[in-house]
2 protein chains.
Amino acid sequence: MERSSSYMTNAFVNYGRTELDSMERYFKKNFVSSLPGYKGVNLIGTINHLARPNLAIFNTVFHVGSNPPLLGMLCRSPLVSSHTLNNIRETGFYTINHIKSQFFTRAHQTAADYEKDISEFEVVGLNHVYTDQLPAPYVKESPVQIGMKLKEEITLRSNGTVLLIGEVIEVILPVKSILSDGLIDLGITETITCSGRDTYYTTNKIARLSMPSPDKDLDIIG
Amino acid sequence: MERSSSYMTNAFVNYGRTELDSMERYFKKNFVSSLPGYKGVNLIGTINHLARPNLAIFNTVFHVGSNPPLLGMLCRSPLVSSHTLNNIRETGFYTINHIKSQFFTRAHQTAADYEKDISEFEVVGLNHVYTDQLPAPYVKESPVQIGMKLKEEITLRSNGTVLLIGEVIEVILPVKSILSDGLIDLGITETITCSGRDTYYTTNKIARLSMPSPDKDLDIIG
């Protein structure tokens, strides 16, 4: 019995197309959204043409290139993101703001389906601040605040979701979080990560590894 | 003095376009690649037309949609990804494999610039396994193995990098990692995360939160 139960505990399941297609809708949403592993999770700040601020949580921001500095963002769920997407189209600008555990519930709450004229900043209790570089609000409580200018919009044929490519035009972050070679220490910024659509995590560094080469062993460099 | 030093410790710096543009190339690569926050990190398995297996680490896999189940992947660095990209174009298939701390150095080493005919599986010491669903190798050691069929290829105008959209056609994972509502518990799979280009982390769950609604307080549901 011991042996059989231990076997079951370590058992793998194999889902093919038939099993995937027959998953209940909500189950499938949770399952597929977990597949990429952990995700960056950020608050996106925008204003509309009347300068009303809007804030929404996104877990689909990714690095596109460094020179020029580009980040991508997928506007996947129309319910959550339509105000954000409309505002970015109207103004051409947005901000990306890291999330700390101190305000992760307030960040999560921005995904509620508020009316268009409601400012999520006000409702959830986060502060908006501006610089003279762009017409979009930063989250004052955020440890890493990134100002973005829209460069490219692509509608994916596969499912109609919208991919935005933006250029980084401003970054505000703690001096001490920038390592000597440019890497930002996300332990110092206390940035959190997420999985699926609703689960949040802090991290523990395992190691920073040297640049791999075919002829050399890896070193731990941090 | 105490006061001033404490002030400096918490000081924020503001980088505008001028500062970003004048960053040294390697510094800038590290800096910009840290901006999205934590990233999913996965091993991508492919074969070429001679069925030679290839394995490469990518930190640019993201969720595109659940119905149909779609994941995106950016092929950012030609050096690292060209064999992978060529193989996906040739065969139309690839695998995405989560990484555990037990083999993260071997995973990182796959980014070394090996000759085309070298199998990274063999060089770094990971095992490839196949199913009858697709012509692409899974990483046997990986806790979550995802079989993908290429659906769409987009070249970004902004910097020429290639975005692949693929459909999930098979998933192999531990039975016990699938929660009752479909979410995959990445603590049970022991999936790790990364930041920048070379720093790896385990995680600690803060909380899973209920679906936000304008009229309801959030609950911790896991």
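Trainee: In this predicted model, how many residues of strand β6 of chain A are buried?

Mentor: For strand β6 (residues 69-75) of chain A, 7 of the 7 residues are buried, so the strand is largely enclosed by the rest of the structure.

Trainee: Which residues point one way from β6(A), and which the other way?

Mentor: P69(A), L71(A), M73(A) and C75(A) point one way, while L70(A), G72(A) and L74(A) point the other way. Residues on both sides are buried.

Trainee: In what sense do β5 of chain A and β6(A) pair, parallel or antiparallel?

Mentor: Strand β5 (residues 61-66) pairs with β6(A) in the antiparallel sense, over 5 bridges. A hairpin of 2 residues joins β5(A) to β6(A).

Trainee: And which residue of β6(A) stands opposite V61(A)?

Mentor: That is M73(A). In β11(A), M73(A) has L164(A) as its bridge partner.

Trainee: Over how many bridges do β6(A) and β11 of chain A pair?

Mentor: Strand β11 (residues 162-174) and β6(A) pair over 6 bridges, in the antiparallel sense.

Trainee: Changing topic to chain B: how many residues of helix α3 are buried?

Mentor: Helix α3 (residues 25-34) of chain B has 7 of its 10 residues buried, and is thus mostly covered.

Trainee: Which ones are the buried residues of α3(B)?

Mentor: They are F27(B), K28(B), N30(B), F31(B), V32(B), S33(B) and S34(B).

Trainee: What caps the N-terminal end of α3(B)?

Mentor: The cap is E24(B), which has a side-chain oxygen 3.0 Å from the backbone nitrogen of Y26(B).

How values were computed. Residues numbered from 1 in each chain as written. Chains lettered and ligands numbered in written order. Predicted model: local features only at pLDDT ≥ 70, side-chain atom pairs only at ≥ 80, totals over all residues. Heavy atoms only, no water. Buried < 20%, exposed > 50% of the residue type's maximum accessible area, 1.4 Å probe, protein only. Helix = DSSP H or I, 4+ residues; strand = E, 2+ residues; numbered from the N terminus. Pairing = 2+ DSSP bridges. Polar contact = N/O pair within 3.5 Å; in protein donor to acceptor, adjacent residues only side chain to side chain.
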